[in-house]
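Dear colleague,

I am handing over the structure that we spoke about, and below it you will find my notes on what was found in it. Please read them with the structure open beside you.

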Amino acid sequence: MKKFLWLLTLALVLFFAVACGDSKKDDKEKEPEEISDGDEVSDEEPAETDGDAEEPSSDDSDKEPAEEPEVDPLKCEDFAEGLNENLMVGEGSGELARSFYLRLPENVDSLEKVPVIFLYHGYGDTAKNFDNLLSGYVNNETMPFILVTPESRGDIYGFNNIPPAGLDWDMMNLNDGSAEADMFDTVMSCLEKRWKIDEKHIHISGFSAGAITANSMGVQRPEKIASILSYSGAYFSDAASRDALGDIMGMKVGDFFSWPDFAEEHNKYPQVFVYGDEENDSWGMAGMFMIYFNKMARFGAAYLTGMGHDAILCNHGKDHTIAGIMEEDLIKFFADHPFGTVESPYRDALPGNFAEICHFFTEDDIIKEEPENPDNEPGENDDDPAENDDDEPEENDDDTPDETEDIGPCLLRSCD
């Protein structure tokens, strides 16, 4: 009998250990996205992850859908400082309740023209947390602004859904519109009814999944957006960026993303791409695929430059985090790049911290294809003509070293 009880106890201990391990595994997957280069984020993490495995069932994302119908829909006249909940966006079956944080500069009612900045958080983070990045700067002297920090709906837009729908945000199938574009339109409509909005200064920023969302807004609403500054983002309307996501069980991950193309004639807004060192500034979904944001920055910059946009690359030299170009630099970039800016004033000289870690995209930044036979060293391929009997060894030998020299410096650090 004692042996039976001992075995039963051991089984229960193993069961709860596995359950808790799975919970902690989920938390670890979210950690990279919750970094925003400040203590505010790390201070909030323990409150979100401590506890037994039963806690996820009491997460706010599980409660909100049941509680939303009990709350009156938010009206434009009710927009107020702080958390705004239950804003109904979209139409018909696509109608959805959304929340966001709103930060207003002092004397907003008396300002003649008020810029607006939308700020999108990363996967696993919250608007409450990410709002801290810019909430203390709405009264800055360079450009006072209204800050809108939307809350994602990860309970609906998850990659693990069948079919996958997003990474907290509606960011995968955008050819028929998106919930994020609906929210942008609704919030902007209300802001324009309440205050005198400066239509030349509507800007967007975000981190990681939020940066991808910011870029998707650029594709969907280029005639509204003056400029974008993204931290570790990607453009999945770009074929090269989709291809770089690799495969899952024989399927291309990029095929899960369906974005519209830019209209042939569209606003050529300038953009800053901020990223970190090679292999460090990356993120993956449970080991299924990886997004290397240092490469995505170059793909995105090449993509925009090819359509006439000015693109600035900034390597902060760290891992998957917000660094390098911080709050005051971000606001200055937006202030210096109003709607209709085609040639950036930064072409003449990059200011302040931009000059230290940034440069305009050039042909030297283009990521070229890796040479074949990756298991061999370049010297071995060059010295062994038998590897390529059917090719012209002399021409290949001349080309390969040049490509390697171009790739190396640009992937690892700024190419000034």
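Of the 416 residues of the protein chain, 46% count as buried, where buried means under 20% relative accessible area, exposed means over 50%, and partly exposed lies in between, with a 1.4 Å probe and protein chains only. Please keep in mind that this is a predicted model, in which local features need pLDDT of at least 70 and side-chain atom pairs count only at pLDDT 80 or more, while totals for chains, interfaces and linings use all residues. Residues are numbered from 1 along each chain as its sequence is written, and side-chain values use heavy atoms, with hydrogens and water left out.

The secondary structure of the protein chain comes to twelve helices and 13 strands; helices (H or I, at least four residues) and strands (E, at least two) are DSSP runs, numbered from the N terminus. Among the contacts in the protein chain with a separation of 6 or more, 71% come from residues 24 or more positions apart, a contact being heavy atoms within 4.5 Å.

Nine strands form an open sheet with mixed pairing, in the order 1-2-4-3-5-6-9-12-13, and two strands are said to pair if DSSP finds at least two bridges between them. Its edge strands are strand 1 and strand 13 (358-360), each of which pairs on one side only. From one strand to the next, the twist averages 20°; for this and the other angles below, axes are lines fitted to C-alpha atoms, for helices over the stretch in contact, and angles run from 0 to 180 degrees between N-to-C directions.

Strand 2 and strand 4 run antiparallel and are joined by four bridges, with phenylalanine 100 standing opposite proline 150 in strand 4. Helix 6 packs on the sheet, where it touches strand 3, strand 5, strand 6 and strand 9, and its direction makes about 145° with that of strand 5. Helix 9 also packs on the sheet, touching strand 3, strand 5, strand 6, strand 9 and strand 12, and its direction makes about 155° with that of strand 6.

Strand 9 (residues 271-275) is mostly covered, since five of its five residues are buried. On one side these are Gln271, Phe273 and Tyr275, and on the other Val272 and Val274, so that both faces of strand 9 are covered. Strand 9 pairs in the parallel sense with strand 6 (residues 227-231) over four bridges, and serine 230 stands opposite phenylalanine 273 in strand 9. Strand 9 also pairs in the parallel sense with strand 12 (residues 311-315), over five bridges, and there the bridge partner of valine 274 is cysteine 314 in strand 12.

The helices

The buried residues of helix 9 (residues 327-336) are Glu327, Asp329, Leu330, Ile331, Phe333 and Phe334, and what covers them includes strand 3, strand 5, strand 6, strand 9, strand 12 and helix 10 (352-357).

In helix 5, the buried residues include Ala179, Met183, Val187 and Leu191, and the buried residues of this helix pack against strand 1 (82-89), strand 2 (96-103), strand 3 (114-120), strand 4 (146-150), strand 5 (197-207) and helix 6.

The axes of helix 5 (residues 179-194) and helix 6 (residues 209-220) come within 10 Å and cross at roughly 70°. Helix 5 and helix 6 are therefore roughly perpendicular to each other, given that angles under 35 degrees count as roughly parallel, over 145 as roughly antiparallel, 65 to 115 as roughly perpendicular and the rest as oblique. Glu180, Ala181 and Phe184 in helix 5 meet Thr213, Met217 and Gln220 in helix 6.

Threonine 213, which is found in helix 6, counts as buried because its relative accessibility is 0%. Leaving aside residues up to four places away in sequence, threonine 213 touches Tyr120, Trp169, Met171 and Glu180.

Two loop residues

Most residues other than glycine have a negative phi. Asparagine 107, in the loop between strand 2 and strand 3, has a positive phi near 55°, and at 57% relative accessibility asparagine 107 counts as exposed. Aspartate 168, in the loop between strand 4 and helix 5, has a positive phi near 80°, but at 10% relative accessibility aspartate 168 counts as buried.

With best regards
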